[in-house]
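Dear colleague,

Please find the structure below, together with its sequence.

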Amino acid sequence: MIILIWIRKIYKSLSADAAPSAIAFALLFGLTLGFVPLLSGLGLLLIASLLVIRVQVSTALLALGVGKLLALAGLSMLFVPIGETLIESKPLHGFWTWFLNLPVIALLDLDTLAITGGAFLGLVIGGALFYPVCKMVAGYRRFVHDRLSQNKFFRWFTNFWLIKGLKFVFIGSGVEA
Amino acid sequence: MSTQTASPEKLLRDRIEPARSKDPALSEWIDRTFTPPVIADLVRHCDEKSASARKDGKERGSSKVLPPLFVQILVLPVPIEKARERFVKKGKYAALLDAAASTWLFKGSGAAALCHLILGGTAESPWLELAVIPLGKASKKVPFVLPAGFLTEDGEKRARKAALAIQKRSRALKLPPPLSWFRWKVVTVLAVLFGGLYLLGLNPLAKHQINSLGAGGEAGAHFSVAQVGLGLLEGRSSFDLFKLATPKASSAAEEKERVASADEIVCDLGMNDLLRKRFGMDEVSITKPILRLERRADGTINVGEIGSKEPQKPSGKPTDWVKSVEDWAKKIKEKIEERKKGEKKPEAAGEKGARADYSRKATYPFENVPGAVVRKVMARALEIQFDDKTGALNPPPLKNGTIEITNLSDRPEVMADPIKLSISGDVAGWELKDKDQRNIEITATLDFRKLTEGDVVTVKDLVQFNVTTKNLPLKQLVQALAGDSLNSSFEKGTLDLNAEFRLDHDALLVHAPVAGTPLFSLHGVEMKAKPGSTILGFPGDLFAQAVNEVGDVDITDLEIGGTLDKPEFRAGESLKELVKSGGKAFVKKQAQKGVDKLTEEGQKALDKQFKDQPELKKGIEDAKKNLGGALDGLGGGLFGKKKTEPPPPPPEKK
């Protein structure tokens, strides 16, 4: 049931009146969270931010799941080398010494190489996907609204009771494709 | 206005062209926006929509982004008169504009203009009404609407108002205002939850948790508090009536097993440190702490059971307090070493299956930062009670104690200032008459700082104690606490100590802080040395015999140097003389010194008295001459120094 609710929310977030940038932000948050341990300082801050800041929670959860899967699939091997390159780089020693001792920042466990590496990778991937996701969401909406919903075959097909039932189960009522 | 022209392109151009004449800027914008390809797209779209609507004769709406336009088309396959009626009956045109501008497609389109078309009529007699609302940068300079010809006066006003609102929204920043970034409902719920917990429930909850943790003794001790005030916002926490007992304490035997108690403990938390992931306390103040040290019949001490779940095992026959404390310290050291050995490498934080190594951390940013700092610890009205169950003499309690420690840290080498310590207190029953003075006063500086000046790094390693004791009972306190550990036993007497103990790196120096003043003084001492022992570098029995004979002795010319492992006693002549002569010569010399001093003082006093009476002084001088050696026999001239004859050299031993 949770998965069904989640699928419905994803569909609604894609089809509803949310700004594409909010969805892209959610992806950024979710991916970053997926690349750091949930119980680390940074992980807890991101979870709190998801609750408090207006980002698409369902999209963020999806991105979190994808991020964790990617990490398990081997992307996590890059976390330490990236973190090491960033933190152990001599010219940046002064910056990190100042930055990692700042109030609140010091609580984020960024001194752990893998966490800094993971967060950086999440930000880079999420940042790189930001604009394409905005465009993709807008494009999807245009396609569904302009093309698909006007398509005769689609209309005919979706009039079947089985399809209506499936649509109700996975998408829920009150949402028009 | 309706038109009889069949071509939608012509209809469209007819609607746009009149706007050109109004403003040259508008004309330029129209040319830039409604380019031939855009017009062609628009016309094609109109044809598609009107064709399907005219087939079934039904009203139809459609939205589409035709860059740079957002186009909303409403197809009404009826004559224009009927369309006017429709708007009167079914709703206002302004509402239609609003609806178009509220769709997600419009919001995400980034269009330069909203183009609202109403297509009507038949294929033979079509009509077209058009509204163009320029958006974004263009929205300020050009007229925003080309009014639909079939609107009533009131309807047109409403439409202009709606269009103005759409333009205003399009001029606003793309990012929503910062206040709308947050889910205020969630923030409010969380604030209410935490606020309620903080104001109503946090203190009782903390008290309950502390007391339930301390009640069972699983934490290695029994402890309880009567009241908790977790002033986290002010950074000030207080604990009232704190009690600490050994793990074997039950409610009945709580008093018996009590180790420590305090009326109040107040901790000023260093919030800035806590936010920087450091344990920081600006001040810890303890009011009326009482430490109860009990030495059991088997020689173990109650403090040794704190932190341990198993009862202490005695290490042999009970000796003295010092030995018991040494045993305890040894066990603590062993435990720490065991724990260090048993410590496993931390696993990746909750990332089962992940291959990243979460144990690798950058350490250099925290090289010069302490992990824990307590800037000041203060304890007032401290009392240490001793309870000896071995049958040995029970030491008197130490009372009115004051402790102040500053700059305490886990990494003293990076602190700006050295650790300072000051302890003072009275021995119950032996208090000094002067209420401002204490039996024991200790000040200390522990300096382990690493000072860097340019490229020069100075590593300090200094431990300096200044210990002053007055009227310290040798038998009741020193003998009772460290009897078996000393090379002698005391029957009576008191000790005054004024020593500076200095350990700079490995170099040891113990001396009197002011040259010429006694390092320590013994008063009314009766002591016995252990057979074969040495005291201050002298044979124990000789030293004891000498001291017993003297009774009161000031040791001025003794200095201890060398290292802590190999101390070097540098005794002066007077101490050597004391021991060699078995005290007699020392007594004599001391007595001579006393008489000399008395004589000097007497002479001064007389001089002062006789200053205004020269005749009387002369008489006395004469009498002195006459009496001559008679006065010398008393041990020294009353009116002046007389050198004593050096003692005859001892006969040479063959």
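**Cysteines and aromatic pairs**

Across all chains, a search of the whole structure finds zero disulfides, a disulfide being a pair of cysteine sulfur atoms within 2.5 Å. This is a predicted model, in which local features need pLDDT of at least 70 and side-chain atom pairs count only at pLDDT 80 or more, while totals for chains, interfaces and linings use all residues. Residues are numbered from 1 along each chain as its sequence is written, chains are lettered from A and ligands numbered from 1 in the order in which they are written, and side-chain values use heavy atoms, without hydrogens and water.

For Cys46(B), the closest cysteine sulfur belongs to Cys115(B) and lies 8.2 Å away, too far for a bond. Cys46(B) is buried at 2% relative accessibility, and Cys267(B) is buried at 7% (buried: under 20% relative accessible area; exposed: over 50%; partly exposed: in between; 1.4 Å probe, protein chains only).

The search also finds eleven aromatic pairs over all chains. Among them, Phe95(A) and Trp98(A) form a tilted pair, 6.0 Å centre to centre with 50 degrees between the planes. Rings of Phe, Tyr and Trp (its six-membered ring) pair if their centres lie within 6.5 Å; planes under 30 degrees apart count as stacked, over 60 as edge-to-face and the rest as tilted. Phe95(A) is partly exposed at 38%, whereas Trp98(A) is exposed at 51%. Phe95(A), Trp96(A), Trp98(A) and Phe99(A) form one aromatic cluster.

Yours sincerely
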